[in-house]
Amino acid sequence: MNLVDPKFQHTIMMTSTSSQAGEKKQVMTLSTRSAGAPDSLAYWHELVSDKILPLDFRLLGAAPFEAEMKCFDVADLHISHIRASPHCALRTSELSQHAGSESLIFNFVLGGSCEARQDGRQTLLKDRGGAFCNAARPYALNFHEPVQILVLQLPYDALGKAVRGLDCLAAQDFSTGSEIFPLVLNYIGHLATRTHQLDGVPASRIRQNLVDLVSAMMTESLQRGPMELSECKTAALVRVRSYIESNISNPELNPSLVSGALHLSVRYINQLLEKEGTSLSRLIWRRRLELVAEDLIDPRVSALSISTIAFNRGFNDLAHFSKSFRQRYAKTPRDYRATRGMGLDHA
């Protein structure tokens, strides 16, 4: 199914070079410059949905959005070389149930920085850093400055059987102390410089080499880190975070509700979360604060008051909310909204 809006279809066709019969297909380069400033973010949304997987996008800052992407396929793997101005990319709970949910998405930073967040974990990727997110669950990528990244999309099954417990590694920087990470980055970087697509036997061999390298990198990370949770416990934590994400707007959401819905005791869940230095109640509270912070800088809800945003995210005590927000972000919600470019002061 083609996810690209018909009004943008002609632009995509113009920015790619068709090949004659028997010729190698050229690598496609796509840019928001073709769409024009007013439609640039909408155009980028359509491009990424069509070429990688469906995501929601939000601007960070007041500058016009610009981005370009060069796409390259190696069998069932997809590589994209992206340059973009500041923005936020979101894989929401709703989107994670649809197209691309069987994929792992690796982001390798070549310039600028990327804040990756999934399953309650968060890491800041700087130049030549890299992390992956599982498209089957919600995640967020924040680019607070112009960025250049390489994106590798591969099927979960390509690694899931070879790397046991890989979900423990989501939103963690692989570059820290790794001897294999530079090999993976250089390998993908070299592929991204090609001008023509690979096919047939060469593509299959390169695909397997790349999967083996990534698998070795992830296994190295698991072995290097502290003893990880068992797969059963990891799956339980994934269920907990997924339930919280899906019900975060419910003001009645609390540890007892989570426990009853998932048939896991609050004590057991807290034991699982102890390794991360948090508890079930703090996890719910923190996630609500994070979502309010995202909404405060989202132009799509700029007309909503701060109190409405807080209520929409499950808070029912504004005084307690304001105090907690200030403790976490060192600003009042109103100041946070104003300093992030919204310039709105209604409460």
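User: In what order do the strands of the open sheet of 5 strands stand?
Analyst: The model is predicted: local features need pLDDT of at least 70, side-chain atom pairs count only at pLDDT 80 or more, and totals for chains, interfaces and linings use all residues. Residues are numbered from 1 along each chain as its sequence is written, and side-chain values use heavy atoms, leaving out hydrogens and water. Helices (H or I, at least four residues) and strands (E, at least two) are DSSP runs numbered from the N terminus, and two strands pair if DSSP finds at least two bridges between them. With antiparallel pairing, the order in this open sheet is β2-β5-β10-β7-β8.

User: Which strands stand at the edges of this sheet?
Analyst: An edge strand here has a single partner strand, so one side of it is left without a neighbour in the sheet. The strands in that position are β2 and β8 (121-125).

User: Which residue of β10 is the bridge partner of Cys88?
Analyst: Strand β5 has 4 bridges to strand β2 (residues 56-59), running antiparallel to it, and there Leu59 stands opposite His87. β5 also pairs with strand β10 (residues 139-143) in the antiparallel sense, over 5 bridges. In β10, the partner of Cys88 is Asn142.

User: How many of the residues of strand β5 are buried?
Analyst: Buried means under 20% relative accessible area, exposed over 50%, and partly exposed in between (1.4 Å probe, protein chains only). In a regular strand the side chains alternate between the two faces of the sheet. His87, Ala89 and Arg91 point one way from β5 and Cys88 and Leu90 the other way, with all of them buried. β5 (residues 87-91) is largely enclosed by the rest of the structure, because the buried count is 5 of the 5.

User: How do α9 and α11 lie relative to each other?
Analyst: Helix α9 (residues 280-296) packs against helix α11 (residues 318-329) at about 85 degrees, and their axes are 11 Å apart. Angles under 35 degrees count as roughly parallel, over 145 as roughly antiparallel, 65 to 115 as roughly perpendicular and the rest as oblique. The angle therefore makes α9, relative to α11, roughly perpendicular.

User: How many residues of the contact of α9 with α11 are charged?
Analyst: Contact means heavy atoms within 4.5 Å; Trp285, Arg286, Leu289, Glu290, Val292, Ala293 and Leu296 in α9 meet His320, Phe321, Ser324, Phe325, Arg328 and Tyr329 in α11. Ala, Val, Leu, Ile, Met, Phe, Trp, Tyr, Cys and Pro count as nonpolar, Asp, Glu, Lys and Arg as charged, and the others, Gly among them, as polar. The residues of this contact divide into 8 nonpolar and 2 polar, and the number charged is 3.

User: Which strands are at the edges of the open sheet formed by 6 strands?
Analyst: This sheet has antiparallel pairing and the order β1-β3-β4-β11-β6-β9. The strands that pair on one side only are β1 (28-31) and β9 (130-134).

User: Which residue in β4 does Phe72 stand opposite?
Analyst: Strand β3 (residues 67-74) pairs with strand β4 (residues 77-84) in the antiparallel sense, over 8 bridges. Within this pair, Phe72 stands opposite Ile79.

User: Is Arg241 buried or exposed?
Analyst: Arg241 lies in helix α6 (residues 231-247). Leaving aside residues up to four places away in sequence, Arg241 touches Asp119, Gly120, Leu273, Glu276 and Leu283. Its relative accessible area is 9%, so Arg241 is buried.

User: What is the relative accessibility of Ala171?
Analyst: Ala171 is in the loop between α3 (157-160) and α4 (181-192). It is not a glycine, yet has a positive phi of about 55 degrees. Ala171 counts as buried, because its relative accessibility is 2%.

User: What percentage of the residues in the chain is buried?
Analyst: The chain has 12 helices and 11 strands. Of its 347 residues, the buried part makes up 48%.

Key
Axes are lines fitted to C-alpha atoms, for helices over the stretch in contact, and angles run from 0 to 180 degrees between N-to-C directions.
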